[in-house]
Amino acid sequence: QQIGSVEFKTHRAVVCVVGEGLSGAPRITAAVFDSIKNIPVSLISQGVSSSNLTFVVDQEHVKWVVTRLHERFFESRRESVQETTSLELHSVAQSIF
């Protein structure tokens with residue numbers, strides 16, 4: 001009995017946003033996806049770690065995504081980011097396949 005199927009997609013990139021207390025900061029998660037709202041995201045994962053938010057985008061968009069996240073969280077001084085002083089965000093992008 002077949003339970004399901006697997007679809008393999010190439011040219012994807014994993015983007016990981018890391019910050020202490022990230023899972024308890026819904027405004028930060030919302031800001032992440034607001035920053036890249038024009039880019040299709042094919043997977044979102046926030047595992048058991050409270051400091052990690054991972055998502056997958058097309059590889060062609062990864063540089064733009066990382067640039068936008070850096071602009072939003074490191075170069076901008078928005079009030080919502082200043083309120084979360086204990087949260088340090090780092091983004092890492094890794095191309096897969």
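Glu-71 is partly exposed, with a relative accessible area of 31%, where buried means under 20%, exposed over 50% and partly exposed in between (1.4 Å probe, protein chains only). The side chain of Glu-71 meets that of Arg-68 in a salt bridge, at 2.7 Å from N to O; a salt bridge is a side-chain nitrogen of Lys or Arg within 4 Å of a carboxyl oxygen of Asp or Glu. The model is predicted, so that local features need pLDDT of at least 70 and side-chain atom pairs count only at pLDDT 80 or more, while totals for chains, interfaces and linings use all residues. Residues are numbered from 1 along each chain as its sequence is written, and side-chain values use heavy atoms, with hydrogens and water left out.

**Salt bridges**

- A search of the whole structure finds five salt bridges.
- Arg-68, the partner of Glu-71, is partly exposed at 24% relative accessibility, and the two residues, three apart in helix α2 (residues 62–75), are separated by about one helical turn; helices (H or I, at least four residues) and strands (E, at least two) are DSSP runs, numbered from the N terminus.
- An α-helix has 3.6 residues a turn, so residues three or four places apart point the same way.
- Asp-58 and Arg-12 form a salt bridge through their side chains, at 3.1 Å from N to O. Because Asp-58 lies in strand β3 (residues 52–58) and Arg-12 in strand β1 (residues 12–18), this pair ties together parts that are 46 residues apart in sequence.
- Within that pair, Asp-58 is partly exposed with a relative accessible area of 24%, whereas Arg-12 counts as buried at 18% relative accessibility.
- Glu-7 and Lys-9 form a further salt bridge, in which the closest N and O atoms are 3.9 Å apart; Glu-7 counts as exposed at 63% relative accessibility, and Lys-9 as partly exposed at 41%.
- Asp-34, Lys-37 and Arg-72 are linked in a network of salt bridges.

**Helix α2**

- Helix α2 has 14 residues and reaches 18 Å from its first C-alpha to its last, close to the 20 Å expected at 1.5 Å a residue, the expected span being 1.5 Å times one less than the number of residues.
- The buried residues of α2 are Val-62, Val-65, Val-66, Leu-69, Arg-72 and Phe-73. Seen down the axis of α2, these buried residues fall within an arc of 130 degrees, so they line one face of the helix; the arc is that of the directions from the helix axis to the C-beta atoms.
- Lys-63 and Glu-75 are exposed on the other side of α2.

- Leaving aside neighbours within four places in sequence, Phe-55 is in contact (heavy atoms within 4.5 Å) with residues including Val-15, Val-32, Ile-44, Val-65 and Leu-69.
- In α1, Ile-28, Ala-31, Val-32 and Ser-35 are buried. They cover an arc of only 105 degrees around the axis, which puts them on the same side of α1.
- The buried residues of α1 pack against β1, β3 and α2.
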